[in-house]
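Please look over the model below. A short report on its fold and on selected sites goes with it.

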Amino acid sequence: MAIAQVHFFSRSLSRQVTVNAIVPVGKFHMPDMPEREKKPFKTLYLLHGIFGNYTDWMVGTRIASWAEERNLAVIMPSGDNSFYVDHEKSGAMYGDYFGRELVEVTREMFPLSDKREDTFIGGLSMGGFGALRNGLKYHETFGAIAALSSALVLDNAVHSTNDTPTIIGRRGYYESVFGDLDKLLGSDKDPKALLTALKESGASIPKLYIACGTEDSLIEANRGYHKFLEDNHVEHTYVEGTGAHTWEFWDEYILKVLHWLSLA
């Protein structure tokens, strides 16, 4: 297995970026074990939460060993505190970077499959939101979406003020991320609106896995999205389990995600 840290210039973000990659090449085989068929790797693009970076998943979970076992490549970028959406005013087009450019660049770097059914996106908290948003917006690229403890905060953002004690809950922060909050709901930054548009167009919806801990403050928002999917007759897997907004929960559930993906 190779673990690589790569740096490249992102045109979408107009700056250098750093990415961690797990690529299960060069694996040791005992003489009596069959060798892996030589074909491009299925790939999971894995997004971190608020205040995190490209190192989080490697430090907080056992994703490296599990990916190696399953011959799965895992690409872990940094999303800053962007919520993985385009920031039109600053020109930092995070959505374009995660939904298009990162996939194109990493496919050039590593032996990754270019098939939709082999390409997945997942994340936790802010990254869970980012996985839903970009997995739905770039539905022709991603065949499956895994969203853990997703920060589905758009309703909070729309009704926010600048009186909250933490910066990430203030209206000014939400405006810096999502732009005009009066136009947020129903836009292409809204996972509900994106899903509705896919249904109306008859486009193929990626497979969906959504999970949240019952002691997580985001549980009601995740239950709300689950109900929205049910009401719109969208096939999906929704799971609740004991746990809070912690790495213990995400370590447990990223393994469940890999089982759900049915990796050969």
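## Overall fold

This is a predicted model. The protein has 9 helices and 10 strands. Its radius of gyration is 18 Å, close to the 18 Å from the globule rule for 264 residues, so the protein is as compact as a globular protein of that length. Along the principal axes, the C-alpha atoms fill a box of roughly 65 × 40 × 40 Å.

Among contacts with a separation of 6 or more, 70% join residues 24 or more positions apart. Of the 264 residues, 54% count as buried.

## Surface and charge

The accessible surface comes to about 12,200 Å². Carbon and sulfur atoms account for 51% of that surface.

The protein carries 26 positive and 35 negative side chains. The centres of these two sets lie 3 Å apart.

## Helix 7

Helix 7 spans residues 191-201. Aspartate 190 caps its N-terminal end. A side-chain oxygen of aspartate 190 lies 2.9 Å from the backbone nitrogen of lysine 192. After the helix comes glycine 202, with a positive phi near 80 degrees.

Which residues of helix 7 are buried? They are Pro191, Ala193, Leu194, Leu195 and Leu198. In an α-helix, residues three or four places apart point the same way, because there are 3.6 residues a turn.

## Asparagine 134

Is asparagine 134 buried or exposed? Its relative accessibility is 0%, so asparagine 134 counts as buried.

Leave aside neighbours within four places in sequence. Asparagine 134 is then in contact with Tyr84, Gly95, Phe98, Ile121 and Phe142.

## Valine 257

Valine 257 belongs to helix 9, residues 247-260. This residue has a relative accessible area of 1% and is buried; the cut-off for buried is under 20%.

Which residues does valine 257 contact, beyond its neighbours within four places in sequence? They are Ala146, Leu148 and Tyr209.

Terms used:
Residues numbered from 1 in each chain as written. Heavy atoms only, no water. Helix = DSSP H or I, 4+ residues; strand = E, 2+ residues; numbered from the N terminus. Rg over C-alpha atoms; globule rule 2.2 N^0.38 Å. Buried < 20%, exposed > 50% of the residue type's maximum accessible area, 1.4 Å probe, protein only. Contact = heavy atoms within 4.5 Å. Areas by Shrake-Rupley, 256 points an atom, 1.4 Å probe, with all protein chains shown as cover. Lys, Arg positive; Asp, Glu negative; His and termini not counted. Charge placed at Lys NZ, Arg CZ, Asp CG, Glu CD. Polar contact = N/O pair within 3.5 Å; in protein donor to acceptor, adjacent residues only side chain to side chain.
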